[in-house]
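Work through these exercises with the sequence and the 3D view side by side. Try each task before you read its solution.

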Amino acid sequence: MDCGSLSVALTYSAFFGHEKGAFTGADAAKTGFFQEANGGTLFLDEVGNLPIETQQMLLRAIQEKRYRPIGAKADRTFNARIIAATNENLNRSVTEKRFRQDLLYRLQDFTITVPPLRECQDDIMPLAEFFRKQANKEFNRQTQGFDNSARTAILFNKWSGNVRELRQKVRAAVLLAEHELICREDLELGNTREYYYPLSLKTNKKEEKKRIIQAIEYARGNYRVAAYLLEVSVPTLYHKVKQHNIKRRDKG
């Protein structure tokens, strides 16, 4: 259930349903989300957007495990797992009196914090490649990947909009790209700072060792990210590290 998409007037019916003839326009009985989720899971998306006027009735239903559809003569019970998600700081919302503290306590028996995309570097390039291939099919394009400048920009952009923003930028880049490899300019990342990045390893051994060390340091010890920057596979990077007797540094 998208808690931000319903008006105050419709929320009660959406949660708990109504009986036929309960109000003008109720030509048929409606099953609410609580009844549909009985025995399963009810996912409350963007719960921070739930109107303050409806939070009390949600609290009561969750706490007592019972509700009454509009027009019904008796309460109904339910047994469902409640999962709530939000991108807001609900503690701040409580302070600003936009969210009930007692409802927050009821919902946060167990909290899972989903980190922003920029903190999940191992996931960024696989997602970007997935969106690129998806856009290729959708737009009938033939891009083959990202060049080094694009990979670096993708890996170290802030991605304030997380996965949605990454998807939008990659889709647009697939449309804009004039070559097989998408470059940094195609991504249109605005005034993103210019990051230094190593180029390929096609150079002499002394310079190769230097670039490997730079890539590993730049990637904060994350070998998968360093491999992306150097345009080599992770096994190849490990082989090169051993070959050059480079001391490993765990990511952190």
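The model is predicted, so local features need pLDDT of at least 70 and side-chain atom pairs count only at pLDDT 80 or more, while totals for chains, interfaces and linings use all residues. Residues are numbered from 1 along each chain as its sequence is written, and side-chain values use heavy atoms, with hydrogens and water left out.

**Exercise 1. Overall shape**

Task: How does the radius of gyration of the protein chain compare with that of a compact globule of 252 residues?

Solution: 
- Start with the rule. The radius of gyration is taken over C-alpha atoms, and the globule rule is 2.2 Å times the number of residues to the power 0.38.
- For 252 residues, a compact globule would come out near 18 Å. The protein chain has 26 Å.
- Now take the principal axes. The C-alpha trace spans about 85 × 40 × 35 Å along them.
- Count the elements too. The chain has 12 helices and 6 strands. Helices (H or I, at least four residues) and strands (E, at least two) are DSSP runs, numbered from the N terminus.

**Exercise 2. Surface and contacts**

Task: What percentage of the 252 residues is buried?

Solution: 
- Buried means under 20% relative accessible area, exposed over 50%, and partly exposed in between (1.4 Å probe, protein chains only).
- Buried residues make up 39% of the chain.
- Last, contacts (heavy atoms within 4.5 Å). Of those with a separation of 6 or more, 66% join residues 24 or more positions apart.

**Exercise 3. Helix α10**

Task: Check the length of helix α10, then find which of its residues are buried.

Solution: 
- Helix α10 covers residues 205-218, which makes 14 residues. The expected span is 1.5 Å times one less than the number of residues.
- That gives 20 Å, and the end C-alpha atoms are 20 Å apart, so the two agree.
- The buried residues are E208, R211, I212, A215 and I216.
- Seen down the axis of α10, these buried residues fall within an arc of 130 degrees, so they line one face of the helix. The arc is that of the directions from the helix axis to the C-beta atoms.
- On the other side of α10, K206 and E217 are exposed.
- The cover over the buried residues includes α11 (223-230) and α12 (234-243).
- After α10 comes R220, with a positive phi near 55 degrees.

**Exercise 4. Single residues**

Task: Is Q55 buried or exposed?

Solution: 
- Locate Q55 in helix α3 (residues 52-64).
- Its relative accessible area is 0%, so Q55 is buried.
- Leaving aside neighbours within four places in sequence, Q55 contacts L50, R98, F99, R100 and L103.
- Compare the cutoff with C120. Its relative accessibility is 18%, so C120 counts as buried.
- C3 has 2%, so C3 counts as buried.
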